[in-house]
Amino acid sequence: IPATIEIIWGHLLFIHKDRLLEGKVFKKPFIWVSGFLGLNLFRSAVQLYEYKTSGSEFVLVWYTAIGLLCSMCLMFFAFSFMRCVKNKKFNNAIRKLGSYTFLVYLVHFPLSAFIGRIGLREIITNCIGRISTGVVFDMLYTLIMMTVVFVLSLLVACFIKFIVRRTQILY
């Protein structure tokens, strides 16, 4: 249900983006980046407090009010950034990249499981474990795994789109 609510809010904000873009607040993308970073720092502080007091190692991020506000900040940043960038090539590149995002989303979870099965996750863990421990290890591991999964998912998405386009040309 929370994801559905986020999707509905996102849709409502998107269909009213022209009216939203008229406001003065959307002329300053820095406000929304600051909001996103500030909210995530606050969420991180809450999460660290939870780790210390309850021993919990899991706190939902995106299905919370803070997660919804972070999503809105990113969306508003994109809206305000749209006003600043008039370069047609840049806009076309963003649209092209955006056309792959849903496919990347669909592919990333099975690809992540595949990475675990072939042992790449353990190799990365061992390499990072040699140079760091604790929180730095967790941050490096998360950053590297996110990058690896995203890049591989994007490559698979590109390959799938290529195959689909080729089959459409042939038939």
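Ser112, Ile115, Gly116 and Ile118 in helix α6 meet Leu120, Arg121 and Glu122 in helix α7. By class, this contact of α6 with α7 has three nonpolar, two polar and two charged residues. The model is predicted. Its chain has eight helices and zero strands, and buried residues make up 20% of the 171 residues.

**Helices α6 and α7**

- Helix α6 covers residues 101-118, and helix α7 covers residues 120-131.
- Two packed helices are described by the angle between their axes and the distance between the axes.
- The axes of α6 and α7 come within 4 Å of each other and cross at roughly 70 degrees.
- Helix α6 is therefore roughly perpendicular to α7, because angles of 65 to 115 degrees count as such.

**The chain as a whole**

- Read along the sequence, the pattern is α-α-α-α-α-α-α-α.
- Among contacts in the chain with a separation of 6 or more, 70% are accounted for by residues 24 or more positions apart.
- The chain exposes about 12800 Å², and carbon and sulfur atoms supply 72% of that area.

- Ser153 lies in helix α8, which spans residues 134-170.
- The relative accessibility of Ser153 is 0%, so this residue counts as buried.
- Leaving aside residues up to four places away in sequence, Ser153 touches Val104, Val107, His108 and Leu111.
- Leu155 also has its place in helix α8.
- Leu155 counts as exposed because its relative accessibility is 53%, and the cut-off for exposed is over 50%.
- Leu155 and Tyr100 are 55 residues apart in sequence, while their C-alpha atoms are 9.8 Å apart in space.

**The loop between α7 and α8: Ser132**

- Ser132 is found in the loop between α7 and α8.
- With a relative accessibility of 10%, Ser132 counts as buried, because buried means under 20%.
- Ser132 touches Phe137 and Leu140, when residues up to four places away in sequence are not counted.

**Cysteines**

- A search of the whole structure finds zero disulfides.
- Cys73 has a relative accessible area of 8% and is therefore buried.

- The contact between α6 and α7 brings Ser112, Ile115, Gly116 and Ile118 together with Leu120, Arg121 and Glu122.
- Ser132, in the loop between α7 and α8, is buried at 10% relative accessibility.

Definitions and conventions:
Residues numbered from 1 in each chain as written. Predicted model: local features only at pLDDT ≥ 70, side-chain atom pairs only at ≥ 80, totals over all residues. Heavy atoms only, no water. Helix = DSSP H or I, 4+ residues; strand = E, 2+ residues; numbered from the N terminus. Buried < 20%, exposed > 50% of the residue type's maximum accessible area, 1.4 Å probe, protein only. Contact = heavy atoms within 4.5 Å. Areas by Shrake-Rupley, 256 points an atom, 1.4 Å probe, with all protein chains shown as cover. Disulfide = S-S within 2.5 Å. Axes fitted to C-alpha atoms, helices over the stretch in contact; angles between N-to-C directions. Parallel < 35°, antiparallel > 145°, perpendicular 65-115°, else oblique. Nonpolar A, V, L, I, M, F, W, Y, C, P; charged D, E, K, R; others polar.
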